[in-house]
Amino acid sequence: MKLLFLIADGMGGWPIKELGNKTTMEAAHTPNMDMLAKKGIVGRCRTVPATMPPGSDVANMSLLGFDPEKFHTGRGPIEAAAQGLKLNPDDLVWRLNLVNLSDISADGTMYDYSAGHISTDKSVPLVEMLQKELGNDEFTFYPGIQYRHLLVHKGGAKKLESKLAINPPHDITDKPISADIEEYGKSPLMTKLLQDSAKLLKNNGTKAVSIWPWGQGTPLLLTNFEEKYSMKGAVISAVDLIKGLGRASGLEVLEVEGATGLVDTNYAGKVEATLKFLEHGDFAFVHLEGPDESGHMGSVEDKVKSIERFDAQIVGPLLKKYPVDQASYLITCDHFTPIETKTHDAAPVPFILASKKCNGSTGLDSFSEKNAKSTGVIQDKGYELMQWVIDLTS
């Protein structure tokens with residue numbers, strides 16, 4: 001039996017007036033997930049511990065079966081693992097966004113956490129320029145994908161910079177950055193880096209007018225997934241966050257050309273890569289970023305569309321090749337990304353578990369946040385969901 005975890009990042013949310021007080025999940029046409037909801041186990045999972053912020057890093061670490069309160073060190077280190085960076089134990093790794101601000105000062109406002117979803121071909125030269133002009137024995141800039149990059153502070157884990165509490169930029173869209181500027185201001189090093197970067201990025205022809213270092217931490221160390229769960233697995237995603245979790249835990253990281261992390265990602269390519277891996281593998285963690293990005297943008301239309309495409313172009317084709325009598329499916333999101341707030345919410349996420357070993361009849365007519373809550377099934381410790389699923393389906 002194969003085991004597939006299909007993750008629509010940020011899919012959950014709250015009722016929206018313009019959708020007739022339906023959520024985007026309820027408004028989306030999702031016949032494949034609805035069919036599985038009628039037959040499988042439907043419930044909720046608390047992927048984010050009460051002590052931690054509701055980031056995709058924390059939530060997806062839970063879904064892969066690792067306790068974030070034990071293993072999580074920061075967002076940056078996870079993405080560094082994706083790039084295979086060679087780090088020392090006392091290095092401090094920051095996630096580095098290229099962002100659009102009104103001004104890098106206490107009077108500034110965060111316009112866009114993604115610099116207009118800057119393309120990789122435009123962002124990489126900017127980061128390379130920052131490295132050439134500002135890189136030194138202490139700071140190194142590493143280019144990544146689109147707006148997502150890395151900054152490594154050699155020996156920074158022992159310095160005050162490790163204690164700075166900076167908001168993720170997607171949490172403060174259209175909001176003042178005064179609190180963060182005050183926090184950066186505790187470090188003359190970070191203050192100078194921000195100011196110098198803003199000068200270099202001025203008038204570069206894109207919406208990237210500043211850097212935004214956040215999510216810093218020491219290098220990530222995870223236990224080996226195959227040794228822990230006795231399954232040969234892989235992750236399939238467009239984003240370095242998921243690739244980093246996969247690489248750090250010994251999972252195979254499948255690269256898919258044209259996987260963008262947006263609504264227009266290469267769905268067919270993700271399915272093809274998954275099916276090819278499952279010819280010899282046991283477990284696939286298929287991650288779609290589109291619903292989350294749409295939520296951060298506040299786009300109802302794109303979020304509904306991305307959920308529908310997830311159902312039609314990911315869930316449907318995989319079910320056609322591996323019906324429920326040949327594979328087990330866990331379908332969920334990592335966290336809510338409500339349109340109203342444009343950021344993450346730690347509410348327990350809805351899930352479907354469908355397998356010939358645990359099929360039943362829920363009486364539900366669709367898969368939604370409300371219907372999942374109605375069953376009363378809840379997994380309070382998200383990192384225990386993986387073993388729970390394995391126990392029920394093996």
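**View 1. Phe351 sits buried in this predicted model.** The relative accessible area of Phe351 is 1%, which falls under the 20% limit, so the residue counts as buried. Its partner here is Trp388, and the two form an edge-to-face aromatic pair, with 5.7 Å from centre to centre and 75° between the planes. Phe351 belongs to strand β12 (residues 349–354) and Trp388 to helix α15 (residues 385–393), so the pair ties together parts that lie 37 residues apart in sequence. Trp388 has a relative accessible area of 26%, so this residue is partly exposed.

**View 2. Phe5 and Phe283 bring distant parts of the chain together.** A search of the whole structure turns up nine aromatic pairs. In one of them, the ring centres of Phe5 and Phe283 are 5.4 Å apart and the planes meet at 70°, so this pair is edge-to-face. Follow the chain and you will find Phe5 in strand β1 (residues 2–8) and Phe283 in strand β10 (residues 283–288), 278 residues apart. Phe5 has 0% relative accessibility and therefore counts as buried. Phe283 is buried too, again at 0% relative accessibility.

**View 3. Ring pairs build a cluster around these residues.**

**View 4. The largest pocket has a volume of about 380 Å³.** There are 21 residues in its lining, and the closest to the pocket centre are Pro53, Asp57, Pro168, Trp214 and Gly215. Helix α3 (56–63) and strand β7 (210–217) each supply at least two lining residues. Of the contributors, β7 gives the most, with three residues. Sorted by class, the lining of this largest pocket holds nine nonpolar, nine polar and three charged residues.

**View 5. The second largest pocket contains about 230 Å³ of space.** Here 13 residues form the lining, and those closest to the centre are Gly13, Trp14, Glu369, Lys370 and Lys373. Helix α14 (residues 369–374) gives the most to this lining, with three residues. By class, the lining of the second largest pocket divides into five nonpolar, three polar and five charged residues.

Key
Residues numbered from 1 in each chain as written. Predicted model: local features only at pLDDT ≥ 70, side-chain atom pairs only at ≥ 80, totals over all residues. Heavy atoms only, no water. Phe/Tyr/Trp six-rings, centres within 6.5 Å; stacked < 30°, edge-to-face > 60°. Helix = DSSP H or I, 4+ residues; strand = E, 2+ residues; numbered from the N terminus. Buried < 20%, exposed > 50% of the residue type's maximum accessible area, 1.4 Å probe, protein only. 1 Å grid on protein atoms, 1.4 Å probe; cavity = no way out; pocket = protein on both sides within 12 Å on 5 of 7 lines; lining within 4 Å. Points joined across faces, edges and corners; volume = space filled by probe spheres on them. Nonpolar A, V, L, I, M, F, W, Y, C, P; charged D, E, K, R; others polar.
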